[in-house]
Amino acid sequence: MCGIFGCVLKNGEVASTIHSSLKRLEYRGYDSVGEATLHEGKLFIKKDVGKIDEVHATHDLDNLPGKIGLGHTRWATHGAPTKVNAHPHTDCEEQIAVVHNGIIENFAELKKELEDRGHFFRSKTDTEVIAHLVEEKMREGSALKAAVAEAVKRLEGSYAVAVVSVKEPDKIVCARKESPLTLGVGENGVYCASDIPAFLLYTNKVVIVNDGELVVLREDGCELSKIADLSLIRREPKVIDWTPEMAEKQGYPHFMLKEIMEQPLTLRNTLRLQEHYLELMTTFLDRASEVFLVACGTSHHACLAATYMFSKLAFHITHPVIASEFVEQYGKSVNIDSTILAVSQSGETADTLASVESARQRAATILGLTNTIGSTLTRVSRVYIGQQSGPEIGVAATKTFTSQLSVLSQLAIYLAKKRGKISQEEIDVLEEKVLKIPDMVETILKTQQEKIKQLAKKYKNHTAFFFLGRGISYATALEGRLKLMEIAYVPAIAFPAGESKHGPISLVEQGFPVVFICARDDTRKTLAGNIMEMKARGATILAICEEDDTEIKRLADDYVEVPAGIPEVLSPIPYVVPLQLFAYYMALERGCDPDMPRNLAKSVTVK
Ligand code: AGP
């Protein structure tokens, strides 16, 4: 997610402060950077694609005049990472500058409306509409504060935005809805930022801005108001005792735990994808004679789950393929009627890109699902969807997995609608549940975290595990297994529970831990039988089940609860969260670093 920063100094030039503060937002991940300052009634802007140090080397980010300014690190969601799409964005007259973090869902309509009224747009971003909306209000005579309030009222989606204008060169106006925004009150200035690390070097006096609030920053302080009616809000700064390193993790001990806890927010982001791209991708999937879902590791598990979704909702057969085997397994049979949906959070995984390249050479259609706009996968795809999870720092994929599942489930519902394979009533129920999933994940994180921590203490010395599920839960089991192996270094096997009798059950002896994913679906009855089989051989059963599932709770030695009423095809999202936490706490109990597991890289760019 982008990083925004703003600062009004009492003394001195602001540019170097903006530059060093953006450096402390680098951990958020970005592809371009920019600054704007106000001086003697003029706006000064420097921005470009690349890392801060690279852009500084070419543009000197410390050399802009003035003691008021904005800064931005961009993580592209709308519009590729280019210089013109980098922030700050301006109005037609380049008198207003805006930096923004978030997603404006209705930007296309607003842009058309503004262009029809003669506004001239420079970039492909959603953000630029804000500068032109503020321009309009100020042209109608509004002061900057009121103009920003009126402008953001037109926005649908999420935003943390900061605005300056040459017409009112003594202030910054910022506003927030869902995206994070914090204020810092220091001796020599006031600061606004997406995150506390940005200004922690200058002050630890912090004011958190809530949704629906607007702030005017002047050198003498901050004034908070309600966006709705500009009524004033009194809020005293709080002193926080964080080190900059701690602040990057927002107080969490590890990025992995922070990213697990971010999932309600990142899942809500996946519900804001542009229908146009979902429909376009659905059209390609619908008309394909064969569809291969190609990926590696965790992304492959999302693909496997998707094959159940596409089949159950749209009666559409798709083939989940581990990318490193794709060319061997299907290379020669791919042709012009084949469609490849490549799934990769980094968009740079070599095996996945090699599969795509071999298919492209055989004229197949390439579709992409990624978390990294501007990545190679986005450049080789006919259509791609950016899943908007924000940068994932922990090597173990967590929030990007649940976001992949959310996007794939939405595609399956679109395909079901297109093909009319299930009733409108079933579709309505599913769509209503998809909207509820972020809240369900929030409930699990709130109610089960401590319990899972205790379970990790109990299971930490086990030297091997089984992860079992049936149907779509087999994909969840595979992901739970991978998390435990990659960060706690515990050997584990996952397989469809029905396979136990065909070999693996020979490993089971007294106390052997078996994790069962017990979604309430058509496999429920047989799965209960599989649990009995394992218990009969002395296994210790750890079950993930619905809160009111008394039968499974009775059968299990330990259990973790998820909310009731989760449709089968959506179950991997809430059911994997306890497994992510279990692996995390097992890693801590076993003295492993959850963020930088040995022998692993976040993006595997070699075959
Ligand atoms: C998952 O925790 C691992 N980091 C790894 O398996 C990962 O999912 C795999 O390398 C694929 O990465 P991608 O989604 O960036 O292509």
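Biologist: Where is T37 found?

Modeller: T37 is found in strand 2, residues 32-39. One caution at the start: this is a predicted model.

Biologist: Why is T37 called buried?

Modeller: Buried means under 20% relative accessible area. T37 has 1%, so T37 is buried.

Biologist: What lies 2.7 Å from a polar atom of the T37 side chain?

Modeller: The backbone oxygen of P65 does. A polar contact needs N or O atoms within 3.5 Å. The 2.7 Å between T37 and P65 is within that cut-off.

Biologist: Let us move to H72. In which strand is the place of H72?

Modeller: H72 is in strand 4, residues 68-74.

Biologist: How do you know whether H72 is buried or exposed?

Modeller: By its relative accessibility, which is 0% for H72. The cut-off for buried is under 20%, so H72 counts as buried.

Biologist: What joins the side chains of H72 and H87?

Modeller: A polar contact of 3.1 Å. The limit for such a contact is 3.5 Å, and 3.1 Å falls within it.

Biologist: What is the peptide bond from H87 to P88, cis or trans?

Modeller: That bond is cis, with omega near 5 degrees. Most peptide bonds are trans. As for its place, P88 is in the loop between strand 4 and strand 5 (89-90).

Biologist: What makes the phi of E94 worth a note?

Modeller: The phi of E94 is positive, about 55 degrees, although E94 is not a glycine. Most residues other than glycine have a negative phi. E94 is found in the loop between strand 5 and strand 6 (96-104).

Biologist: Why is E94 called partly exposed?

Modeller: Buried is under 20% and exposed is over 50%, with partly exposed in between. E94 has a relative accessible area of 47%, so E94 is partly exposed.

Biologist: What is the phi of A363, positive or negative?

Modeller: Positive, about 70 degrees, and A363 is not a glycine. A363 lies in the loop between helix 12 (350-360) and strand 19 (365-370). Its relative accessible area is 41%, so A363 is partly exposed.

Biologist: On to the helices. How do you know that helix 15 falls short of a straight helix?

Modeller: Helix 15, residues 424-459, has 36 residues. A straight helix would reach 52 Å at 1.5 Å a residue. The end C-alpha atoms of helix 15 are only 45 Å apart.

Biologist: Where is the kink in helix 15 centred?

Modeller: On Q448, with a kink of about 55 degrees.

Biologist: Which helix holds L114, and which holds V134?

Modeller: L114 is in helix 3, residues 107-116. V134 lies in helix 4, residues 128-139.

Biologist: Why is L114 called buried?

Modeller: Its relative accessible area is 0%. The cut-off is under 20%, so L114 is buried. V134 also has 0%, so V134 is buried.

Biologist: Now the ligand. Which residues come nearest to the ligand?

Modeller: Of the 15 residues around the ligand, S299, S344, S346, T349 and E486 come nearest.

Biologist: How much of the ligand does the protein bury?

Modeller: Taken alone, the ligand exposes 410 Å², and the protein buries 91% of that.

Biologist: Which helices each supply at least two residues of the shell around the ligand?

Modeller: Helix 10 (297-314) and helix 16 (473-488) do. The shell divides into six nonpolar, seven polar and two charged residues.

Biologist: Last one, L570. Where is its place, and why is L570 called buried?

Modeller: L570 is in the loop between strand 25 (558-562) and helix 19 (572-589). Its relative accessibility is 2%, so L570 counts as buried. L570 and M309 are 261 residues apart in sequence, yet 8.3 Å apart in space, C-alpha to C-alpha.

Methods: Residues numbered from 1 in each chain as written. Predicted model: local features only at pLDDT ≥ 70, side-chain atom pairs only at ≥ 80, totals over all residues. Heavy atoms only, no water. Near = heavy atom within 4 Å. Areas by Shrake-Rupley, 256 points an atom, 1.4 Å probe, with all protein chains shown as cover. Helix = DSSP H or I, 4+ residues; strand = E, 2+ residues; numbered from the N terminus. Nonpolar A, V, L, I, M, F, W, Y, C, P; charged D, E, K, R; others polar. Expected span 1.5 Å × (residues − 1). Bend = angle between axes of the 7 residues up to and from the residue. Buried < 20%, exposed > 50% of the residue type's maximum accessible area, 1.4 Å probe, protein only. Polar contact = N/O pair within 3.5 Å; in protein donor to acceptor, adjacent residues only side chain to side chain.
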